[in-house]
Amino acid sequence: MKSDVTKILELLDQEYGTEYRCYLNHENAWQLLIAVILSAQCTDARVNMVTENLFKKYDTLEKFAAADLKELEKDIHSIGFYHNKAKNIISCADALVNRFGGEVPRTLEELTSLAGVGRKTANVIRGNIYGDPSIVVDTHVKRIARKLGLTEEEDPVKVEFDLMRVIPKDHWILINIHLITLGRTICKARKPACGECFLKEVCPSAAEE
């Protein structure tokens, strides 16, 4: 397993580089947090379209905390699951203002105490804002990790812990970026292009496609 993981990481680094990047547009920590809450079961591209105007209208955490629920629902209507997301955003913003002094907390425990924030969202913040090594298991990461033989688990938390065991800590943030990029371009869920994939020699699933 170790040599395979090393080779996989080398090939990913060669193909995609080692620069950290985030696909959700944001200017600060709380904007990213709200964008990630909005991104559940929604594309980053759609979220970025909505937040372009949303962050101009609500340009402070206090404005989000004081937002009218129905009005915020209208503002994010095109994103899906907008009832719950609007409610969670207002509650989360209120907690950030009143419990955390307007700062987005750093620890997993504090982050997951916020409305609408689970391990995945918390790990996005920890990795992108604070640079703390963290693995974010979204649908791309889970699917491709299974294809590569890095885990056999289905539950995202169990996948996260499997990846933490086999991936060196210095690649925890990069593996998120790399596998998401791979999943959006080559290893697509409906039709993976195994013949074009630079990982085909080290991917046990390539021969099955």
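What volume does the largest pocket have? It comes out at about 890 Å³. A pocket here is an open set of points on a 1 Å grid over the protein atoms alone, where a 1.4 Å probe fits, with protein on both sides within 12 Å along at least five of seven lines, and lining residues have an atom within 4 Å of a point. The volume is the space filled by probe spheres set on the points, which are joined across faces, edges and corners.

This is a predicted model, where local features need pLDDT of at least 70 and side-chain atom pairs count only at pLDDT 80 or more, while totals for chains, interfaces and linings use all residues. Residues are numbered from 1 along each chain as its sequence is written, and side-chain values use heavy atoms, leaving out hydrogens and water.

The largest pocket has 36 lining residues, and Val36, Ser39, Asp44, Lys120 and Asp138 lie nearest its centre. H8 gives the most to that lining, with six residues; helices are DSSP runs (H or I, at least four residues), numbered from the N terminus.

**A helix tucked inside**

Now look at H2. Ten of its ten residues are buried, so H2 is largely enclosed by the rest of the structure. Buried means under 20% relative accessible area (1.4 Å probe, protein chains only). The buried residues of H2 pack against H3, H4, H6 and H8.

Leu33 is one of those buried residues. Setting aside neighbours within four places in sequence, Leu33 is in contact (heavy atoms within 4.5 Å) with residues including Cys92, Leu96 and Ile125.

Key: Buried means under 20% relative accessible area, exposed over 50%, partly exposed in between (1.4 Å probe, protein chains only). Helices (H or I, at least four residues) and strands (E, at least two) are DSSP runs, numbered from the N terminus.
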